[in-house]
Structure formats: C-alpha cells, structure tokens
2 protein chains.
Amino acid sequence: MKNANEIKFLKNRSIVKFEGEDFLGEIGIDGRIFKALTLARISVGVISQQAIENGISILVQENDAEKAVACLIDEFEAERKSGKVSQIYSINNVSVIGFVAEDFNKVFAELARNNVFPLLLNQVAGENRVNIVVTSSQDEKTKNIIESEIFKKPKPVHLAIIGHGNVGKTLIEQVLESSEEIKRRKKIDLKVVAVANSKKIAFNKKGFDANWAEEVLTAEHPSSVQELINFSNENQLENLIVVDNTASKDFVKNYHALAENGFDLVSSNKIFNTLPIEEYRKLRYTLSKNNRRYLYETNVGAGLPLIDTIKLLHLSGENITRIKGVFSGTLSYVFNNFSLRNDKFSTIINEALEKGYTEPDPREDLSGNDVARKLLILARELDLINEFDDINIQNLVPESLLSVSKPEFLSRLEELDEEYQKIKENQEPDHVLRYVGDLHGDLQKDKGELDVKLISVPATSALGQLKGSDSIFEIYTESYGENPIVIMGAGAGAQVTARGVFGDILRVSETK
Amino acid sequence: MKNANEIKFLKNRSIVKFEGEDFLGEIGIDGRIFKALTLARISVGVISQQAIENGISILVQENDAEKAVACLIDEFEAERKSGKVSQIYSINNVSVIGFVAEDFNKVFAELARNNVFPLLLNQVAGENRVNIVVTSSQDEKTKNIIESEIFKKPKPVHLAIIGHGNVGKTLIEQVLESSEEIKRRKKIDLKVVAVANSKKIAFNKKGFDANWAEEVLTAEHPSSVQELINFSNENQLENLIVVDNTASKDFVKNYHALAENGFDLVSSNKIFNTLPIEEYRKLRYTLSKNNRRYLYETNVGAGLPLIDTIKLLHLSGENITRIKGVFSGTLSYVFNNFSLRNDKFSTIINEALEKGYTEPDPREDLSGNDVARKLLILARELDLINEFDDINIQNLVPESLLSVSKPEFLSRLEELDEEYQKIKENQEPDHVLRYVGDLHGDLQKDKGELDVKLISVPATSALGQLKGSDSIFEIYTESYGENPIVIMGAGAGAQVTARGVFGDILRVSETK
C-alpha cells in the first residue's frame, strides 16, 4: 500500500443478494456461483457469506448487476424451482468505502450514533483493513466520520440553535469565541450550522462565523423542524445537537421527532419537563430507544451545578430528604432588598422592573409559577411523580389585581405595600423575608410535598445571607445530615445561563 | 430461524488466510479457490474477501485447516513460485459467534471498549445477522457482552476496590445496598469482584455479598496488581473499574498498567494528581491512548460537585479568575470553634483529635500540606502547570515543634495557645479566623499564585458563616462577576466521600 491511511471510495456499485434455504454451507455451492459469474465475465468484490444463515452477498459494478442476477438465476434454475433458492436480486446505488483504522469498532460506533448502518461490512484484522458498503445517500457522511476517526481529526459537532434572543445570542458568541480552544484541547469541532427564531431558520453547512446575525436576517427558509431535518439529511451531517433556548410551548412538541432523527437535545426551556408525567416519561422512552441524550442543567439555577448533582446523588443511592432554596433571581432581588431597605414594596418592584430583572408584567414572577416549575423539575429528578397541580403556590399578587390589565396592575402597584409592610414588621427580630421553593415530605413515596411560599428566616442563616439576585439551593440528604450541601450563585442572567447551556453541549459532545 | 435472538456459538474453528498481490479481483480466482476446497471435500464458512486489498480469509473446521492449506498450496503452486501468492496459512483455535442485534455497532463498540477485536467480522444488514470470529481466549467474554447487549440484560460492571478502610468499607456497603435499584433503573449490574488491602487481595467472580469482609479475611492471594490483571483475564471480565481508596504512594504507580489493561480508574487518593506535572500529563496521555477514564471528584471537597463544575466551566471557555475556600474539614472545625468559643487553641485541637477529626498526629493537618494538595489539584484543572513547591504554605505548627515525636508534640500542645490567642484578639471587630486555600493571580498565564494561610474574615461573610466541619469553595469567574458560585457542605467523612466515589463509578459506568 502506498498510503496506509488512504480511504478508498468506490461509487456506483451494486450488491447482488442470493437467498435461500440453509444449503450454502454445502460443498460446491460457492464454486458454482463463482463459476457462473466468471463465465459471464463479471469481476466480484467484497463477498459476504453467512456461516450460519442462508444468505450470500456479492459486490459488483453497478452496470454488471443485471447481468450477474440473470446468470445466477440461470445457473440455479433447478434450485429456484425446488425452492432451495428463494431470491436472487440486486441492491443498486451503493458505495464502498475501504479504510485502515487502529480501532475499527470506535468507527462503527460513531457511524451507528449517526444512524449509518452499513449494508455490508467486511473486516479482517490480519489485513487491518475494513470495507463497508453504504447507500450513496449516506456515503459522504460516512466518509467524513471515518476521516475524523482515523486521521484523529477534530470531530465535528453540528449545533442548531433555536431562539437567538438573549441567551441564544450569548451562547452563539461564547461558542464562536471558544471553538478554536476546544478543537485544540478536546478534538471537538463545534459548528453552529443552523440558527432559528419563531419565523425563520438560517443554515450554514460550514458553520456560522461572527456575521451570523446578518445571515439570519436575510434567511429565506420558514422556521420549521422539517426544514432542519431535511437540511441535516441533504448535507449528511453527523453529530447533531438541537439547542432550545426558547420558552416556547410549541417547539417542545418537536423533541420526539428530533430525537428520532438523530438529534441530541440541550434545552434551557423548562416547558417539556413540566408537562404531565406521562409526556415526561414518553420522551425519556423515545430518547432511550434512539440512544439520544437530553440535558437541561439550566432549567433550574442557570449555570449552577444543581440538576447533575441531584441526579448523581439520587442514582448512587443517597437518600435526599429535602431540597429548599430561593429559586428565582428576580424574587431574590426583590426580597433581599425589601428586607434590608426602608423602601416600599412597590418601589422595589418598580426598580426591579426598570433594571429588567422582572418580566415585562411582574405578575409572571410574583405568581410563583416559575419557581413552581423549577421545583417540579427537581422533584421529578428524584423519581417523584408529582404534577404541577400538586404544588402549593403562594401567589404574591392579591386576588383583586390578578385579572386586571398590565398597565392597570402597574399603576395600582402601591396597593401591595400595606400587606407586605405588615408581613415585614411582624417578623421576629433579625429575620428577613425569602420567597422559597421547598420539596419535602417522605420522598421515598410516589409523591413529595411541594411548597412555594414567602417565609421569614434568621438573617444569619444561609438563606438569610443571600445577596443581590443570587439563587441558593440547600440539598439535605441522609449522609450529609443536618448540614445540607449548599449551592449558591447567580441563578439567572444571559451570560451564566448561556455558559450552563454550553456546559451541557460539551457534556453531550464528549460522549459522542 | 426458530429463535431470532439465539446466539450461535461455534468453537474449534480455523481461519485459512490466503495472501498475495492484488490479483484477487481477477476473474476466476475465487472459483479456483472454492473448486480446490470442494475437491478436498472441505466445507467453508464465513468468507471474507477484501475488495481492494490483497487478502482472503476462509473459515473452516479446525481439523480441516491443515488439509485446506495444503490443497490451496497445491492449486496455486505456479502463483506461489511467481510471487503472486505470498502466503497461505491458518490461524487455529478460534470461535465463531453469530447473533442478531438491533444495533450491531453498539455491540462492536462495547467489544472494543473491552479490548475484543474480532479477527473476522461479517455483517449483512439484509439478513440482520452478524458473525464474528475471535480467539478462544476471549470467546466467553465476547459472548457475555453480546448477550448483555442484545437481550438488554443489565450490563455487568466489575469493580476492584483497593483499600477497605473507612471509605472503602462504606463504599462497598453503599454499592451492595443500591445495586438492585441501579440494575433496575439504569441496567447497570455493579459487582464488586475484588477487594484488596496492602497485604492481600480477595476475588469473587460472581461479586461479593454482605459477607465480603470474611472472604477478605481468609483470602490467600498476596496483594498485587498483576494478580488482579490475571484474574480479570482468566475470567474474561468486561467493564472493569479500579477504585483506589488508599492514600498510598505506591499504589498510584500501577495506574498506567491498569489503564493499559482495560481498567478505568476512580480514585479518592490525591497522590497521583499532585505528582510533578510531567507525570500528571503522562497519565492523561496513557488514558487517552487506551480510551480509559480517570475520575477523582472526591480529591477535593469529598462528595461536593467541585471538580466536575470547574472542569466544565473551564472547558466551556468561562474565565475562572479565583478559587478560594476552606478546603479542610478538620481545620474548618478547629477554627470555626476557636473563633466562637472562649477555649484555648490546644483545647480545641485535643477535642478534634478525640473526635477523630484530625489525623493521629494533628501536625499532618496543621502543616497545611493536605490543603495545599487540594489547591494544586484545582489549579491543574485550569491547565495551570504549578508544582507543589510553588505553593506558599503557612504551617500552623511552630518551628520548635516540627521535628519532635508525636507524644512530645501532644504533650507540648499548649505552647501554641499564646500565639493563636494573640492572633484571635488582634482581629477587627466581628471577624473570625479561617484557614483557607486561595488560587489567584492571572490565571491565563502558565502558573497561578497558590496560597494556603490563616486569614481573618467578617463573621457575616460566606466564609465567616461556615459551621461545624463544613468546607466551602468560592469560584469566581468573569460571567459570575463579584458574586462567586459558592459550593458548601460536608467536605470530609467516610459516608460523603464514599458517596462521591460512588458517583464517579456511576459516571464511568454510564458511558461504558
């Protein structure tokens, strides 16, 4: 061989299939097949015969296929009549790829992860070379994967970023900034090949660069998952990850289809994990069946290492007895400030609104629904089958202001002041207010108790010490006893959320 | 087929190899080979011919092998003389395993991870069946792996636990307690097949049960890694993990050999990660070359999710600017108590000694070396190339007591009181003492600043709020700004350390 590492690539081949009863081990059958082909002056390639089963496959030039089938039908006319030979036919439009690899099986595993299942596979360790036959619609993808593996080229990982608002935009920038370093250190070549919003989807097979935003602006494809799947098929892209940075109830409906089409999922979108438990489990089943991963560390506590920690503790048999904390950065800011300062509750809310900490309608934060969703997601990590309706949520918005318009709510914000001032003043000395999520009860049962509520805690406690808009999570377990594991830090914000999503992308990429 | 899932297992086969110039594609060669074998009345099995390269392999009964080689040598006498055919020979003592699997490539990947590389591999997707040929010394292991995969049986993971002191013993108990649950939920069948101390190693191929301690007591094998490697080879065990719960400087020397022999590594032993950077890197190279993993989350902060968090932040391009905290549970206890109580320093040390919090010779804790080792391990996760000697360590033991005997040190403990009382009283108001590790400086350079020292902090700060024997770690990064990620909790103790080791075992098992 001139170049041991060269990849041979033969297009326009056909597989001639010869099927019948289990008589192929009989002496002389092979000889007859090859004699017939020889007489017809057909050169054969990869031969594959099943030692135990009843099939034989022969590779020929595509323009010899018809003749090969015809001459074998001739030769085995008697056996076809008697039923010993059941079928002789050809599969056209296939390609042969031959290569030498140190670790064949690593290559096969990579191919499988990308839904490439060779029609024929022929390996002899002695020669250290393998030939595989694939349909031509997958041959380029196959060649790319093999090249990455045997030349130890960085493995391309293709990202489709759904949603390029605050988090999505920051994520794209973080990926572009770090991709060279990751290529060098981890041999992973991250490429953002698709960026979508609710209206349009932009594609760039080679990977977007710093000008991605302009390309998205001028994109002409309507936003649809089918477009994305078609794009990945047409370009034969391997190692696909969809990153959902939306808060869309509609987009999560695509998770099943994406998993079935070879995409792993990374999501900062909380919606799917709070759907009814039946839906929740159905997705896990689809993922497992398709050997796909779904990571969502940022669903709770943004970039803080919370979900992974809980998952691992739970799986290793640690008995988690309670999870309690300040889950919302917005409400952390509100009550950290309201507790310490001599300002009215409405003043603090307005301030948070101006700083962009709250949603445009602060009632979305004050309702407690967002905290409740996060609490539910953690509960389900412990295999509890709670539903959203099981959660006791203390809505901070008074009844009278629940259904008024946003402008009216904002104009009547001061109506909240008296009540919250009273709550503040009625605390024990040196106590502060915190709006917490609390998962407790007997967590060995099917369901736990989930409370979302305003509480008063000693100012010197871990919760009481919380500052700014930080989140805090206390994980109580049997081994850790009365002193919980505490994880604290910025639990919201585009930078830290994007970094958390990036972490998930790397986790998935590393096991690809 | 009667049973689609049946695994066919044929022993006593040989591969006849036929090698020569690239003339095998020539018309008629195959026919001659098969005609010759037919005349010699030899039935052939799996045939493998390389489309592009110059080899052909034929599977025959072992007792036909000699005859097959002889008759082919006869048939191709002219070509052998002319050099067209270079070699005809047989490889004996091989087994054929035939099976049907939904995902062949998953099976191949599993085999590769366990160092099984088939001599011959023959797959035709149409028939959905594959035959592989392996040497008989690997055939049982191969069959087990295939069975686990295709019958979706729980995947056995074989653990060798080195060191069964406090942590090792607790770990074995935790594994035995959770193994059924993990088998059910994760399809991973954890088996403790070896337990060793520095003197002896006990084996149990089926996995130890609650009586493991007695079996170790009566074990007769001297403790040696070669014994362990032999045991795993003889019993053809797949999915191997060595768990190092020792503090041994000697045992870590085996890491290379273990990685080369198919073992993944999980370690609570800090020694390897604090060896000179050259050694540190050499192991990473061996691991990567052998496709093995090495996890050591418990090296710093026991079960707290510290190393994995730092690793992921760093890899995702987050600029970590400082890591600071109380790294030692022992010294946490000492200074948390000394700062708040009106007791002498020596009283607190004696109390910690009695409670078993300190090493038998408390100077090992007070020297700061243990904190320094942990700090170094974190620094290296950030790709800093610091050495142990670079660390500025404040040794809490006065010069005069450094080299006296342990009993003398303990009897003269009160000599420390005056100095530490003075330090305590010289603090600003509402401050407390903490013994911290601090990694700072420009961490984008090759080396960072590593300080291990006693400091005075406000009682209301996160460090100042620390309780009991908890550890605390503050991770400062660019995105998180002035408010660090804080991870806090029990950073020592057999239960939580064992649980952390267990977490690492599960991480490794899940990607197996």
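Predicted model: local features only at pLDDT ≥ 70, side-chain atom pairs only at ≥ 80, totals over all residues.
Reader: OK, chain A. How many helices and strands?
Author: Chain A has 18 helices and 19 strands. Those are DSSP runs numbered from the N terminus, with helices being H or I of at least four residues and strands being E of at least two.

Reader: What's the radius of gyration of chain A?
Author: It's 30 Å for chain A, while a compact globule of 512 residues would come out near 24 Å. The radius is taken over C-alpha atoms, and the globule rule is 2.2 Å times the number of residues to the power 0.38. Along the principal axes, the C-alpha trace of chain A spans about 100 × 50 × 40 Å.

Reader: And how much of chain A is buried?
Author: Buried residues are 58% of the 512 in chain A. Buried means under 20% relative accessible area, exposed means over 50%, and partly exposed is in between (1.4 Å probe, protein chains only).

Reader: What about contacts in chain A between residues at least 6 apart in sequence?
Author: Of those contacts, 69% join residues at least 24 apart. A contact here means heavy atoms within 4.5 Å.

Reader: Switching to charge: how many positive and negative side chains are there in chain A?
Author: Chain A carries 62 positive and 77 negative ones, and the centres of the two sets are 5 Å apart. Lys and Arg count as positive, Asp and Glu as negative, and His and the chain ends aren't counted. Each charge is placed at NZ of Lys, CZ of Arg, CG of Asp or CD of Glu.

Reader: Which domains does UniProt list for chain A?
Author: An unreviewed UniProt entry gives "Aspartate/homoserine dehydrogenase NAD-binding" for residues 163–297 of chain A. For residues 305–506 of chain A, the unreviewed entry lists "Homoserine dehydrogenase catalytic". UniProt positions are in the numbering used here, feature names are shortened, and annotations may be inferred rather than shown by experiment.

Reader: Now Arg434(A). Buried or exposed?
Author: Arg434(A) is buried, because its relative accessible area is 3%. The residue is in strand S16 (residues 431–440) of chain A.

Reader: What does Arg434(A) touch?
Author: Leaving aside neighbours within four places in sequence, its contacts include Val326(A), Phe335(A), Asn336(A), Lys453(A) and Gln465(A). The C-alpha atoms of Arg434(A) and Leu331(A) are 8.1 Å apart, though 103 residues separate the two along the chain.

Reader: And Glu177(A), buried or exposed?
Author: Glu177(A) is exposed, because its relative accessible area is 67%. You'll find Glu177(A) in helix H6 (residues 166–186) of chain A. Its C-alpha is 9.3 Å from that of Ala210(A), 33 residues away in sequence.

Reader: What's the phi of Asn93(A)?
Author: Phi of Asn93(A) is near 60°, a positive value in a residue other than glycine. Most residues other than glycine have a negative phi. Asn93(A) sits in strand S4 (residues 85–99) of chain A, and at 44% relative accessible area Asn93(A) is partly exposed.

Reader: What about Lys187(B)?
Author: Lys187(B) also has a positive phi, near 55°. Its place is the loop between helix H6 (166–186) and strand S8 (188–196) of chain B, and Lys187(B) counts as partly exposed at 45% relative accessibility.

Reader: Last one, Phe104(B). Where is it, and is it buried or exposed?
Author: Phe104(B) lies in helix H4 (residues 104–113) of chain B, and counts as buried because its relative accessible area is 4%. Val130(B) is 26 residues away in sequence, with 7.8 Å between the C-alpha atoms of Phe104(B) and Val130(B).

Definitions and conventions. Residues numbered from 1 in each chain as written. Chains lettered and ligands numbered in written order. Heavy atoms only, no water.
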